[in-house]
Amino acid sequence: MNDEAPLPRWTHVVFFTSLFATIAMVFVVLYRDAQRPVELEQRLVAALGVVDRCEACHDAADHPGDTLGLHAVERFGCTVCHGGQGAATTADAAHLASPSWERPLFTAAEREAACGTCHEAATLAGAPALSRGRAVLAERGCVGCHEIPGIKLPEIAPDLDGLQDKVSPAWVRAWLADPGALNVDHRMPQFTMPDEEIDPIVAFLFSLEGPALTPAAEAGAPDPARGRKFVATRRCATCHRIEGRGGGFAPDLSLAGSKLSPAWMFSLLTDTHRLRPHTRMPGFRLSPEEAADIVAYAAEQWVPDTAETPWTAFSPEVKRDLTAVGRFEFIEHGCPGCHRAGDLPRAPAAMPLDDLGRRRVVDLPLADGAAMPDLPSWIATKVRVPTAFDLPGATPSLMPAYRGLSPDDALAVGIALASLKRSPLPGDYVIQSTPAQTPPAGPAGALVDRYRCLECHELGGQGGHIAGVPLDGEGSRVQRGWLLRFLQDPVTIRMDQSARMPVMGISESDADLLTDWILSSLADPRITEGEALGDATRGAAAYTARACGSCHMSRGAGTMKGPVLDGAGARLDPDYVVTLLRDGPAVVPGERHPAERLPGGEARDIATWIAGL
Amino acid sequence: MRAFFQRIRDSVFRVGWPADERKALLAMRSSFLLHLHAPKVRPASLRLAATWGLGLLSLFLYGSLVLTGVYLMFYYIPHPDAAWRSMGDLEFVVPYGVVTRNLHRWGAHAMVAIVLLHLGRVYLTGGYKAPREANWVAGVGLAVLTLGLSFTGYLLPWDQLAFWAVTVGSKMVASVPVIGDAAALLLLGDQTVGEAALLRFYVLHCVVLPVALTGIVAFHLYRVRKDGGLVTSEHAPEPTEGPRLWPAWPHLIYRELALLAGMVALLLAASMLFNAPLEPLADPTRTPNPAKAPWYFLGIQELAHYSAFWGGVFIPAAAIGALIVLPYLDRRTAGLGRYWPPERRWANSVFLFFAAFFMVVTVVGTFFRGPAWALMWWPP
Amino acid sequence: MGRRSFLRALGLSGAGVLLAQSAWATLRFARAPVSYGPPSKTTLGERGRFPRGAVTYAEAARVFVVHDDAGLGAMSAVCTHLGCTVRRDGEGFLCPCHGSRYNAKGEVTGGPAPRSLRYVQVEEDRRGRVVVDTDVEVDPDDRLKLG
């Protein structure tokens with residue numbers, strides 16, 4: 001060693017301090033790690049990219065309900081439905097949000113939305129809010145502006161061609177300014193439009209030519225009183241609100257008088273589908289006199305329009321300029337999404353929502369600094385108050401307000417939209433909705449379209465729910481002669497149902513064709529044919545003993561909770577009655593019958609007795 | 001029996017413990033690791049302020065990065081479906097996984113910083129001048145490789161930070177006129193950052209760049225000795241008493257060991273105190289706001305904010321080019337071995353000006369840029 | 001002992017401790033407490049996949065599912081010699097790696113295999129699907145009775 005140049009002191013200090021500090025720190029690291037479990041259970045679902053270690057603490061056997069029976073934890077893991085960080089091995093890292101994992105455990109709403117990622121059908125048992133949300137998305141016409149997978153644009157908005165024949169400019173101005181002031185049941189959302197946007201839109205709409213109107217009837221003086229009677233006998237109130245009653249599916253007719261021009265109304269009633277090819281209203285067969293009487297009745301309810309409009313004062317040049325601006329505004333506000341107008345394509349104008357479920361609340365703007373618990377709540381707020389998340393100074397959102405939407409429905413919409421994710425799922429995880437049934441082809445199909453049967457009746461999972469009776473299986477339930485008469489003159493069978501089939505004046509030849517189609521194509525395979533007859537007397541006794549009269553009316557006795565049985569001998573197929581009494585109410589529309597199953601002999605006896613009524 | 005073990009020891013350590021100067025000199029020649037140093041060194045080179053140990057620290061950090069990198073490779077899977085998940089495994093289940101990743105991450109940051117400081121030190125003391133021109137160029141190459149290693153390693157966790165920093169970086173490459181698109185395609189193996197890019201970056205990070213760096217480091221160390229060791233000032237006082245040269249053992253070796261121990265301790269302490277960041281899984285549909293590169297690239301990103309090509313490519317490339325040609329242009333040999341000699345005032349001022357400029361843009365890019373790269377006066 | 005040799009001993013033993021720590025940590029590091037291998041329990045599917053009187057190979061779990069009059073059984077297709085997958089060979093089974101032979105019941109008839117093929121546990125889950133657990137060995141005559 002060179003003693004003349006000793007090692008400086010700092011080298012010793014640094015070396016030994018560092019060496020022993022390192023040894024100490026490594027011991028700390030070793031000790032910390034020794035606290036961890038030596039073996040860990042993890043759920044691997046390669047198809048979903050899931051690695052869940054939740055079962056290090058939680059036991060899948062403790063899962064409440066039977067959800068795991070249908071969703072085996074081996075196949076789904078935990079985080080697909082529950083969120084959180086599956087890979088984590090500490091409670092905080094697994095449950096809470098962190099910079100590396102901004103998906104904490106799902107809230108109840110997010111869990112329900114997660115169901116919808118795989119389940120694509122409109123309704124899903126066990127997920128009521130999701131199902132409700134999907135229904136609202138369809139009913140409210142959200143798809144007019146937003147592309148939403150799985151939801152088709154319903155015909156809820158009228159075509160606007162020929163609007164000049166239908167309403168006055170003043171009415172359209174008032175409607176665009178505040179639809180709620182004109183119709184409490186309005187379906188069109190409230191757009192925020194200043195007058196300087198409304199006037200051009202009106203000008204644009206009134207420049208659109210529509211189909212020519214039907215020439216007015218020349219026969220005698222129309223009688224409003226007769227018109228009122230016709231409205232009642234034709235059962236317009238099944239769909240329309242009339243004098244404050246009924247309706248809910250179509251516009252309030254008491255408003256029609258002050259809104260619609262009589263000539264247009266007359267054309268609609270006499271030649272519905274030429275004037276309005278896409279309307280949901282069936283093509284009634286009304287005589288010109290009948291139509292004129294109804295128009296007279298509607299006109300009687302006319303409320304004078306006091307609104308002033310500068311419309312008439314505009315020169316043609318001004319109108320032309322306004323029309324061009326109006327066309328732009330009309331497109332800008334996304335109106336063509338729901339309404340057909342001129343040559344404008346019906347394309348969604350707003351952002352597609354097919355990947356909304358992947359947005360995270362942390363990335364979305366906040367309303368007044370108020371934190372949102374989850375994505376469905378954020379969407380619900382946005383739907384109820386579209387401007388809630390507008391950034392200061394930015395252009396206000398163009399989205400219209402859905403005033404009548406309840407908080408529950410708004411949250412349901414949020415859940416349905418939060419379920420939409422574009423990321424591809426492995427095919428065998430997707431539960432698709434039942435494929436859409438094509439409507440019947442040929443002449444029968446044309447009649448089904450003309451009378452808009454599927455607006456009210458369900459068929460093969462499609463169609464409306466206004467009527468309590470789906471068309472599926474109807475061919476096995478009723479007799480030919482009765483159906484033929486019923487189509488021409490629908491008598492009310494079920495007093496408990498508020499919706500009555502409208503009297504559309506189906507002609508005998510049309511009824512014949514429809515009856516053939518129903519009987520030949522719409523049979524229920526569960527109903528066994530050719531059941532032997534029983535004994536009517538024993539049947540009558542059994543009817544009494546089983547207290548059928550507590551719901552059914554027969555021979556002047558009983559109640560009207562269920563269908564009236566007088567005349568059922570000509571109406572019901574006895575095989576149907578036997579099957580439903582013996583095998584249970586699965587074959588009954590809506591399964592509205594006691595679930596009790598009778599012995600075969602007794603069922604045959606009662607059916608035989610009913611066949612004699 | 002003792003003789004048996006003695007024979008084994010003698011076969012490895014030919015000289016034995018260098019207890020006296022003669023043995024020390026023998027050891028310095030015969031030991032593989034020690035012979036990298038001259039057997040005797042000038043006392044002036046041993047002063048801490050002569051180098052601040054920066055070159056050596058760079059080397060130690062590189063060694064520790066290779067070591068921790070190899071550990072990480074046992075668990076890392078270079079595929080978009082699995083890379084981020086393997087980060088989660090390191091965090092949650094692999095014993096010492098977190099600390100290993102932290103050592104690698106903080107070691108990489110430290111290496112970039114220290115390599116750049118080393119470059120600055122060599123410049124200021126005129127270490128690039130003859131006969132050291134080639135070694136200076138090699139050193140510039142090492143600095144560039146270090147940044148390349150850092151850039152390629154940045155993508156591997158496959159989190160949002162990684163994905164978007166590399167997307168931004170590759171777009172800068174693509175902004176080069178004429179060859180930009182081809183170069184970006186070569187780098188990414190595809191039009192966008194994806195599976196091919198991850199695999200390329202992995203191979204570059206774990207094989208190509210380390211092999212290149214190791215080779216150039218060997219050349220660099222060899223030339224340090226062959227070019228006469230550390231550049232020292234002609235004004236440095238000669239020792240008035242004692243020998244003019246000191247044996248490297250223990251004077252140099254022990255100082256180096258102390259530096260190594262200090263560095264390991266500091267790195268380990270930092271890795272126990274601070275966890276390496278990990279952001280959410282890379283999502284090509286969602287850009288974080290702002291998307292920021294690692295701090296040592298934020299200066300370039302700040303410049304690229306004004307012009308992707310001029311700021312992001314041209315200025316950095318011109319700076320590197322200038323550093324490479326510098327020793328062949330500046331041939332005066334006065335004022336070497338000192339940080340602020342009167343003869344080099346002008347040269348050092350220019351360098352410090354550029355260094356300060358780069359530091360300013362880096363600080364601006366790091367602390368004063370908020371969402372949408374907008375200026376903001378208060379760091380979040 | 002002088003100051004110098006004390007420091008030397010201190011430094012060297014410190015380095016030794018550090019080395020030992022690193023060796024231990026390396027061994028621990030190399031053994032993560034989770035496995036990405038296939039789980040021992042595998043759901044094979046509806047029982048209709050395994051017709052009565054037939055021996056059906058179920059790739060997912062590397063087992064032959066035996067459905068005889070007594071019920072369902074699962075015979076591992078993993079050769080007891082060195083773990084290759086045996087294949088059908090006439091009535092019995094043949095291992096392609098080193099030529100071990102087994103008869104129809106899985107008993108060794110030739111080759112280096114030390115013992116007959118293992119039978120593993122068969123269960124039904126709540127939806128009536130067949131599940132095997134290759135970690136649980138059962139008697140070759142055990143069967144899952146089918147209702």
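Two rings of Phe, Tyr or Trp count as a pair if their centres lie within 6.5 Å, with planes under 30 degrees apart called stacked, over 60 edge-to-face and the rest tilted. In this predicted model, that rule gives 30 aromatic pairs over all chains. One of the pairs joins A:Tyr543 and A:Trp609: the ring centres are 4.6 Å apart and the planes stand at 45°, so the pair is tilted. A:Tyr543 belongs to helix H25 of chain A (residues 536-545), while A:Trp609 belongs to helix H28 of chain A (residues 600-611), so the pair ties together parts that are 66 residues apart in sequence. Buried means under 20% relative accessible area. A:Tyr543 has 7% relative accessibility and therefore counts as buried; A:Trp609, at 12%, also counts as buried.

Elsewhere in chain B, ring pairs join B:Phe151, B:Phe201, B:Trp295, B:Tyr296 and B:Phe297 into a cluster.

Aromatic rings also meet charged side chains. In chain A, the charged end of A:Arg75 is placed over the ring of A:Tyr429, at 4.3 Å from the ring centre. In chain B, B:Arg344 lies over the face of B:Tyr123, and here the distance to the ring centre is 5.4 Å.

The next topic is the interface between the chains. Chain A brings 39 residues to the contact and chain B brings 38 residues. Between them the two chains bury about 3,200 Å², and carbon and sulfur atoms give 66% of that area. On the side of chain B, the residues that lose the most area to chain A are B:Phe92, B:Tyr254 and B:Met272, which together make up 23% of what that side buries.

Which elements of chain B supply at least two residues each to the side that touches chain A? They are helix H6 (83-92), strand S2 (246-247) and helix H12 (248-273). Helix H12 of chain B gives the most to that side, with 14 residues.

Methods: Residues numbered from 1 in each chain as written. Chains lettered and ligands numbered in written order. Predicted model: local features only at pLDDT ≥ 70, side-chain atom pairs only at ≥ 80, totals over all residues. Heavy atoms only, no water. Phe/Tyr/Trp six-rings, centres within 6.5 Å; stacked < 30°, edge-to-face > 60°. Helix = DSSP H or I, 4+ residues; strand = E, 2+ residues; numbered from the N terminus. Buried < 20%, exposed > 50% of the residue type's maximum accessible area, 1.4 Å probe, protein only. Lys NZ or Arg CZ within 6 Å of the ring centre and 35° of its normal. Contact = heavy atoms within 4.5 Å. Buried area = accessible area lost by both parts, 1.4 Å probe.
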